[in-house]
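Notebook open, structure loaded. I want to go through this one piece by piece and jot down what I look up.

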Amino acid sequence: MLVNMKGMLADAAKGGYAVGGFNFASLESGLGAIRASEELGIPFILEHAPAHEEYCPFDVAAPIMVQLAKAAKTPVAAHLDHGDSVELCLKALKLGFSSVMFDGSALSYEENIEKTAFVCKVAHEFGATVEAELGAMPHNLKGELKEYTPEDFYTRPEEAARFVAETGVDALAISFGTVHGVYKTTPKLSFSVIDEVRKATGDLPLVMHGGSGLSDDDYHEAIAKGIRKINYYTYGAIASGEAVRKYVTGCEGKVMFHDLAVCATNAVCEDVKRVMKLFKPEAA
C-alpha cells in the first residue's frame, strides 16, 4: 500500500530501529525490494534520485514506483531522493509520490530554509512528507574522492534547530562522516554529531545517506543514537551485479536477457532482506 514516511518513521522511533530507503534504478531493483518487504513484512521507502536518470528516467520510473507501492502488501513510500530543485519536487508530488526530499545542501543556509519551507507547505497539502538535508555529503560514486576532512561536512546542531523549526520538515538528512558511493578507506564517523543534532531537533527522525558499505556495528550504533532512515544503494547494486556475473559465467550456450533480469531481481531481494534485518534486528 502506498503511504508517506510519517507513520513508518514514527514506528521506527518507538521500536528503536531504522527504515531502509532502497533506490529504484531499474524495474528489477523495484521488484526485488517489494518482494523482500512482503516476505519479511517490513515497510520501506522506494526511492528514485536524479543520479539514476541515465538508467531509468524519472518520467518512466515514477508511475511504475507509485503502482508498485499501491499494489504492495506492505506499507511502501514512493520517495524522491535528492530532489535538486523545487520544480522536481513539485513534479514528483503531482505524479503521485507520497514523499519527497528537497536537497538544498548546496545552497546558502537561508536559501535552503526558504525553499525547504515552501516544498513542505505544498507537500503537506498533498498529504506527503518531506525530507531535507543540512550539512554536505561527499561523493565517491566514480572514485573521484581522494582526500577530504570529514569535519568540514558535518551538520551543525545549532543550525539544525532553527532549520527544523522554520521549515516544518518531517525528516532531516545529516552529515556525520558517511559518503555517497564506494568507501576507499574506513569511514571516519562521528556519532556525537547524531547525538548533538538529535538533542537540538527533539524527536525529528534523522536520516543517514551514504548508508551502504558500513560495518554492522556502525549501523547499530547510528540507529541507537537516533538514525531512523538509512539510504542504501551502491553496495546492493554491486551484490546484484556480482550475482549476474556469476550466473553468466556458469552458463553454457546462449544467455537470455530475461533470465538475467530474474537473476538480478532475486539478488536484489536477498540483499534487501539482509539489510532490512540488519536495520531491524528483531526481524532476523
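First thing I asked: is Glu-110 buried, partly exposed or exposed? I find Glu-110 partly exposed, with a relative accessible area of 45%. My cut-offs are under 20% relative accessible area for buried, over 50% for exposed and partly exposed in between, with a 1.4 Å probe and protein chains only.

**Ground rules.** I am working on a predicted model, where local features need pLDDT of at least 70 and side-chain atom pairs count only at pLDDT 80 or more, while totals for chains, interfaces and linings use all residues. Residues are numbered from 1 along each chain as its sequence is written, and side-chain values use heavy atoms, with hydrogens and water left out.

**Salt bridges.** I stayed with Glu-110, which forms a salt bridge with Arg-162, the closest N and O atoms being 2.8 Å apart. Glu-110 is in helix α5 (residues 109–125) and Arg-162 in helix α6 (residues 157–167), so this pair ties together parts 52 residues apart in sequence. Arg-162 counts as partly exposed, at 31% relative accessibility. For a salt bridge I need a side-chain nitrogen of Lys or Arg within 4 Å of a carboxyl oxygen of Asp or Glu. For helices (H or I, at least four residues) and strands (E, at least two) I take DSSP runs, numbered from the N terminus.

I count 15 salt bridges in the structure. One of them joins the side chains of Asp-59 and Lys-91, at 2.7 Å from N to O. Asp-59 sits in helix α3 (residues 58–71) and Lys-91 in helix α4 (residues 86–94), so the pair ties together parts that are 32 residues apart in sequence. Asp-59 is partly exposed at 49% relative accessibility, and Lys-91 is partly exposed at 34%.

Then I looked at Glu-242, which forms a salt bridge with Arg-245, the closest N and O atoms being 3.0 Å apart. Both lie in helix α9, three residues apart, about one turn of the helix. Glu-242 counts as partly exposed at 39% relative accessibility, whereas Arg-245 counts as exposed at 52%. I also noted a network in which salt bridges that share partners join Glu-39, Glu-270 and Lys-273.

**Whole chain.** I get ten helices and ten strands. Of the 284 residues, 52% count as buried. Among contacts (heavy atoms within 4.5 Å) with a separation of 6 or more, 71% are between residues 24 or more positions apart. The accessible surface comes to about 12800 Å², and 54% of that belongs to carbon and sulfur atoms. Those areas are from the Shrake-Rupley method with a 1.4 Å probe; for residues, only the protein chains shown count as cover.

**Nonpolar core.** Which residues touch the most other members of the largest nonpolar core? I find Phe-97, Leu-172, Phe-176 and Ile-227, out of 69 residues. Apart from it lies another core, of twelve residues, among them Met-5, Met-8, Leu-9 and Tyr-17. A core here is a set of buried Ala, Val, Leu, Ile, Met, Phe, Trp, Tyr and Cys residues joined through side-chain atoms within 4.5 Å. Leaving aside neighbours within four places in sequence, Ile-227 has contacts that include Tyr-17, Ile-174, Phe-176, Leu-206 and Met-208.

**Thr-129.** I placed Thr-129 in strand β5 (residues 129–134), and at 2% relative accessibility it counts as buried. The Thr-129 side chain reaches the backbone nitrogen of Met-5 at 3.1 Å, a polar contact by my rule: N or O atoms within 3.5 Å, within protein one able to donate a hydrogen and the other to accept it, and sequence-adjacent residues only if both atoms are side-chain atoms. Beyond four places in sequence, Thr-129 also contacts residues including Asn-4, Ser-98, Val-100 and Asp-170.

Ser-190 is in the loop between β8 (180–181) and α7 (191–201). At 14% relative accessibility, Ser-190 counts as buried, and beyond four places in sequence it is in contact with Tyr-154 and Phe-176. Ala-117 lies in helix α5 and is partly exposed at 23%. Leaving aside neighbours within four places, Ala-117 is in contact with Glu-166 and Thr-167.
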